[in-house]
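Hello,

Here is the structure I promised to pass on. Have a look at it first, then read my notes below.

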Amino acid sequence: MNTGELDIESVGQITRWNGQDKIGCWGDTDCDEITGSDGTIFPAKATKQGKTLYIYNHAMCRRIALHFNKTTMSKDGLPVQEYNVARNLFDFTNNNTDNKCYQYKGSYPQTGVFNTGPCQNDKPIYVSFPHFWLGDKQLQESIIGVNADENKHKSYFSNS
């Protein structure tokens with residue numbers, strides 16, 4: 001992780017994981033890049049300018065985009081930038097080219113979940129938004145009590 005000593009705009013950015021500069025499980029240059037922070041620190045200029053931020057999630061072997069949404073005020077009167085997790089993070093339809101390289105054993109998971117198998121020793125571990133929000137209706141209807149609601153289940157990040 002960069003300390004920012006040589007370039008303050010690189011503070012917190014992960015460049016290697018377990019000594020490697022590529023993930024190596026997706027077979028694609030873009031998806032195998034190790035870029036982003038661990039989610040605890042971002043370059044100040046990037047957040048103040050509302051640039052897209054990235055978190056590298058090692059359990060998923062991928063980066064997650066955080067898109068600027070709005071600036072609000074904290075209860076103490078300080079400006080806070082709100083970022084939303086990309087709505088298409090778990091969308092594997094033809095409309096989403098961002099996920100084109102996240103195939104596992106030649107196929108994509110159902111829209112609404114992400115297969116972490118390649119980085120979990122081939123274990124069938126899937127992640128999703130809560131209640132399969134933005135997932136296929138089949139996922140939402142397969143479990144009694146699942147009621148996806150954007151106001152309750154969207155993922156966002158606030159930074160001050």
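How many disulfides does the count come to? The count comes to one. Keep in mind that this is a predicted model.

**The cysteines**

A disulfide is a covalent bond between the sulfur atoms of two cysteines. Here C31 is joined to C101, with an S to S distance of 1.6 Å. C31 sits in the segment before helix 1, while C101 is in the loop between strand 3 (79–85) and strand 4 (114–115), so the bond ties together parts that are 70 residues apart in sequence. Both cysteines, C31 and C101, are buried.

C25 is in no disulfide. Its nearest cysteine sulfur belongs to C61, 4.1 Å away. The cut-off for a disulfide is 2.5 Å. C25 counts as partly exposed, at 26% relative accessibility. C61 counts as buried, at 8%.

**The largest pocket**

This pocket holds about 340 Å³ of space. It is lined by 18 residues, and Y54, R62, R63, D98 and Y102 are the closest to its centre. Strand 2 (residues 62–73) gives the largest share of the lining, five residues. By type, the lining has eight nonpolar, four polar and six charged residues.

Look for D38 in the segment before helix 1 (44–48). D38 is partly exposed, with a relative accessible area of 37%. Its side chain makes a polar contact with the side chain of T40, at 2.6 Å. Leaving aside neighbours within four places in sequence, D38 is in contact with M1, G12, I14 and I55.

Best wishes

Key:
Residues are numbered from 1 along each chain as its sequence is written. This is a predicted model: local features need pLDDT of at least 70, side-chain atom pairs count only at pLDDT 80 or more; totals for chains, interfaces and linings use all residues. Side-chain values use heavy atoms; hydrogens and water are left out. On a 1 Å grid over the protein atoms alone, a cavity is a set of points where a 1.4 Å probe fits but cannot get out, and a pocket is an open set with protein on both sides within 12 Å along at least five of seven lines; lining residues have an atom within 4 Å of a point. Grid points are joined across faces, edges and corners, and a volume is the space filled by probe spheres set on the points. Helices (H or I, at least four residues) and strands (E, at least two) are DSSP runs, numbered from the N terminus. Ala, Val, Leu, Ile, Met, Phe, Trp, Tyr, Cys and Pro count as nonpolar, Asp, Glu, Lys and Arg as charged, and the others, Gly among them, as polar. Buried means under 20% relative accessible area, exposed over 50%, partly exposed in between (1.4 Å probe, protein chains only). Contact means heavy atoms within 4.5 Å. A polar contact is a pair of N or O atoms within 3.5 Å; within protein, one must be able to donate a hydrogen and the other to accept it, and residues adjacent in sequence count only if both atoms are side-chain atoms.
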